[in-house]
Each structure stands twice: as C-alpha cells, then as structure tokens.
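Here is a short briefing on how the parts of one protein chain meet. Have a look at the model first, and then we can walk through the interface together.

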Amino acid sequence: MLARNPGLANLKAGYLFPEIGRRRREFAAANPQAKIISLGIGNTTEPLTPHIDAGLVEGARRLGTVEGYSGYGDEQGMTRLRERIAAALYAGKVAADEVFVSDGAKCDIGRLQLLFGRGVEVAVQDPSYPVYVDGSVLIGAAGAWGGSGYAGIRYLPCTAANNYFPDLAQIPANGLVYFCSPNNPTGAVADRAQLTALVAAARAKGAVIVYDAAYAEYIRDPGLPKSIFEIPGARECAIEVNSFSKPVGFTGVRLGWTVVPKELKYASGESVWADWNRICTTVFNGASNIAQLGGIAALEPAGLAEMSQITDFYLGNAALIRTALGKLGVPCIGGVNAPYLWAHFPGSTSWEVFAQILEQCHIVTTPGSGFGPAGEGFIRFSAFGHRADVEEACRRLLGFQRGKPAAAASK
Ligand code: PLP
C-alpha cells in the first residue's frame, strides 16, 4: 500500500473553525431558542456593491457571446488586471509582470512553499493565521505537533509586552518568515519603522518574508504602510500575497494576487520570480475570467470608491465592538485600521471565555489559542457582520460577566 504523506500525519487534528462550528451546533441543539450571532469567522457578510457587481455580470454576459467568449486565459492573469493592480495599489512600485493573479491569498500561501521545499526553517508571528503553519506542515517543512507548537516552526510571540511586534533576532537564518499586517488575528498594524527593521533583519539573515497584506485596505492612517514594497530593500527579500476578499467581499468569488519582485533571488542566484511563474503555469490554470473582470471594475475609480465604503462599513462595526469591550473594561487592541479586535481575558483559557460568551450572550467568537500558543487567554472578535447583528451583539456583551462558569467550557 501507498504510504501517507507524513506532512498530513503531522497536522494537528481539529482545525480551529470546524471545532468552533461543532461547539456552536452543540450549543444550538441544546438551546433551540437562542438567536446566535457570530463575531467569529472572518467571512464577509454584505452584498457586492453596484459597480463591482456590474463588472462580474458583464464578465458572465460576455461569455455567452461569440465575440466575448474566452476559454483558458494566461495563468498569470489578465494583463489589464495585472497593470491595474500595479498602478492602483502599488503606485508603480511593482511592475505588472511581477503581479500574479490567483484564486485567492490562501491558495497562494498553500502553493508558495513549493518554492522553498521541505528543508526550510519557518517563522511565524504568534498568534498567526493558521495557514502559514499548516501549509508548512503539509509540505514537510515542520515536524510533529509538540503540545505548544510544531517542531521546525519558530513561533515569534507577539504580546502586549512587545507591542505585538516580534523579536526580530529570532528570525531564522536563510529561513522563511510569514508576516501579516494588518494582522489576523490581533488587528495590530506594523508601522514604517517596524517594517523597515523587519526588512533589514530579513536581509541580514538571508531570509525571505512572505508578507500577507489581505487587510491593507482597512488602513486609514496615511502614515501606515499598506505594502511591504513601500519599504526600501523589500524587493530583494519579500513576496507579498493579497486578496480581493476582504476589501470588496470576494470571499466567495475568489480572486487574489501575489507579487514576486524580479530582484528576489535564491542563495544560488537563481530567480524566484522565474520559478513562481513556472509553478503558476504548472499547477494553476488561471483565476476565473469572470472574477477578473470584477477585479478590474473594483480598481476603476467607481470601484475604488465602493471599496472605501465597504471597508468603512466593517470598520464602523469594529468601532462599535471596541466601544462595548471598553465599557466592559476588557483590554483589547485592533479594530482601528483592521477588522479584528484582540481582547485579553487574563486568568482564563481562550476556550473557557469562548464558552462563557456563547452561553451568556449567545455570541460566537474565536478562541485566541487557536492561532498559536501566545493567543491563550485572548479572544478574537471579527467585525464582519450585519450592522443590526453587531449592535445587538454589543448590547448583549454589556451584560457579560467574566468568570461566570460555563457548562460548555470543556477545554
Ligand atoms: N490572509 C489572511 C491574513 C486572511 O485572514 C485570509 C482570510 O481570512 C486570507 C489570507 C484568505 O484570503 P483569500 O480569501 O483571498 O483566500
């Protein structure tokens, strides 16, 4: 019989969101009268806006005509979309042919490690978006789960003590560093000085940064960088993944991109850009042509205005949650320039607080410990929700009593 990929065997059972779903269903079955509100998963909830939606509709309409029909396109994406991303979102700091359009940032994060293989040492912010770790485990870059982390993964704690920015001395030499800003789950946003230090550290260590900017469009403070390529020297040491999911609600449409600069080289001097081009043309067949026309519409002036409206809406939700947590006296960060809030409940485990909030307020949150060892004792609140639901959730949160035992708190 064929042996199983050891990477699969090493994956820790019970991915965070299925486990949350299981507990939610269990609670709903036992409490059928409860109107559960989710401030848990980072899924968008609002309908597409008119100009962007019209782009998608037009894309679908064209496919039904002889003149407009297209089959497979370039694996790297439509030239018009690549050009528009480079111009509208990077102000020309990256070239159109350095932009590789994808079916989403998560999919690209999963494919990216094909560039570096199984021998590479990986560092992640702790807590972090789970795919950086699980993708590394799948490809064999990390060993088995050891209770508080995977062997072969360096967890760089991001806590109140270091202002949620990791100790850069811990970046592995010749390793791969995943860095997400605005951060999921903490909502922390790295400033220019911090990113300058990150780039300097990566270059000094011969490391490559995979910079996840999926929430860049939530940044309102003009002084905060939206891309790693705003930092001098990043073109020699960084790859950026990004997405249309959170800025315009394409979570189900599926469209993202990865920027690989031509200056980025392996130790051997060979081009990472050339290899990424090769990987994209080998295991990927291009993003949906309909979705790409939606992406082009999103980057036209009317689409960019809609993008601001959508992100403003979710930031409005975040402000409401922040106010409610403030009234409760719960210390938290995020929710400004980011759609997530990271709330601290010292002295309790994340799953205990998750269960208490579910039981008392009928609100689903995300336990911070699911994002890494340093997330223990924290809860992530997501600002993705209908306004009326968020307002109702905030009202309920005001009645939350910390530490009141919850029968469901089994972990
Ligand atoms: N990166 C981060 C940090 C995310 O939080 C998410 C989704 O929640 C993604 C990437 C996934 O983006 P996409 O929908 O483009 O796959």
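How many residue pairs are in polar contact between domain 1 and domain 2? In this predicted model, the count is 21 residue pairs, with both residues at pLDDT 80 or more. Helix 11 (301-328) is among the elements that each supply at least two residues of domain 1's side, and with 11 residues helix 11 makes the largest contribution to that side.

**The two domains**
- Domain 1 is made of two stretches of the chain, 6-48 and 303-410, while domain 2 covers 71-302.
- Their C-alpha centres are 25 Å apart.

**The contact area**
- On the domain 1 side, 39 residues touch domain 2, which contributes 47 residues of its own.
- Together the two domains bury about 3,500 Å², and carbon and sulfur atoms account for 64% of that area.

**Charged and polar links**
- The rule finds 1 salt bridge across the interface of domain 1 and domain 2.
- Asp312 and Arg220 pair through their side chains in a salt bridge, at 3.0 Å from N to O.
- Polar contacts between the two domains come to 21 residue pairs.

**What domain 1 brings**
- Besides helix 11, at least two residues each come from helix 1 (6-10), strand 9 (332-334), strand 10 (340-344) and strand 13 (378-382).
- Sorted by class, the side of domain 1 that touches domain 2 holds 22 nonpolar, 13 polar and 4 charged residues.

Note on methods
Residues numbered from 1 in each chain as written. Predicted model: local features only at pLDDT ≥ 70, side-chain atom pairs only at ≥ 80, totals over all residues. Heavy atoms only, no water. Domains from an automatic or database assignment. Contact = heavy atoms within 4.5 Å. Buried area = accessible area lost by both parts, 1.4 Å probe. Salt bridge = Lys/Arg side-chain N within 4 Å of Asp/Glu carboxyl O. Polar contact = N/O pair within 3.5 Å; in protein donor to acceptor, adjacent residues only side chain to side chain. Helix = DSSP H or I, 4+ residues; strand = E, 2+ residues; numbered from the N terminus. Nonpolar A, V, L, I, M, F, W, Y, C, P; charged D, E, K, R; others polar.
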